[in-house]
Amino acid sequence: MNMVFRGRTFEVTSASNIVEDSESLEFRDPHQGGAPLVAAVTQFGSYGSVPLYLILFQEMDLETVEEVISYSRQRMGANIVD
């Protein structure tokens, strides 16, 4: 699924790891050759568990990072108030 955050398009995919009881959302740049990984957000435990772990693989402005985290919280049921 393609999502746009602050004018930047990302291909967002979900990956689960049953052994580690985790789910990750991967954010890739479809405009770069090979759609490299830009960021990943991982949640350990059941749906709605917090915290979420963010790994950035490429530079991203703070506003985009905040939108990626907000979107991830919604997808993973981790809507918490800071």
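In this predicted model, Ser-14 has a relative accessibility of 41% and therefore counts as partly exposed, since that class covers values between the 20% limit for buried residues and the 50% limit for exposed ones. Ser-14 belongs to strand 2, which spans residues 8-17. If residues up to four places away in sequence are left aside, Ser-14 touches Glu-23, Ser-24, Leu-25 and Arg-75, and with Glu-23 there is a polar contact from side chain to side chain at 2.7 Å. Glu-26 lies 12 residues from Ser-14 along the chain, yet the C-alpha atoms of these two residues are separated by 6.3 Å.

Strand 2 also pairs with strand 1 (residues 2-5), to which it is joined by four bridges in an antiparallel arrangement. Within this pairing, Asn-2 stands opposite Glu-11 of strand 2. The two strands form a hairpin with two residues between them, and in that turn Arg-6 has a positive phi of about 50 degrees.

From the hairpin, the reader can turn to the core. The largest nonpolar core comprises 13 residues, among which Phe-10, Phe-27 and Met-60 have the most contacts inside it. At least two residues of this core come from each of strand 2, strand 3 (22-28), strand 4 (37-44) and helix 1 (62-76), and helix 1 gives the most, with four residues. Met-60 itself, again not counting residues up to four places away in sequence, touches Arg-8, Phe-10, Val-38, Ala-39, Val-65 and Val-68.

Conventions. Residues are numbered from 1 along each chain as its sequence is written. This is a predicted model: local features need pLDDT of at least 70, side-chain atom pairs count only at pLDDT 80 or more; totals for chains, interfaces and linings use all residues. Side-chain values use heavy atoms; hydrogens and water are left out. Buried means under 20% relative accessible area, exposed over 50%, partly exposed in between (1.4 Å probe, protein chains only). Contact means heavy atoms within 4.5 Å. A polar contact is a pair of N or O atoms within 3.5 Å; within protein, one must be able to donate a hydrogen and the other to accept it, and residues adjacent in sequence count only if both atoms are side-chain atoms. Two strands pair if DSSP finds at least two bridges between them. A nonpolar core is a set of buried Ala, Val, Leu, Ile, Met, Phe, Trp, Tyr and Cys residues joined through side-chain atoms within 4.5 Å.
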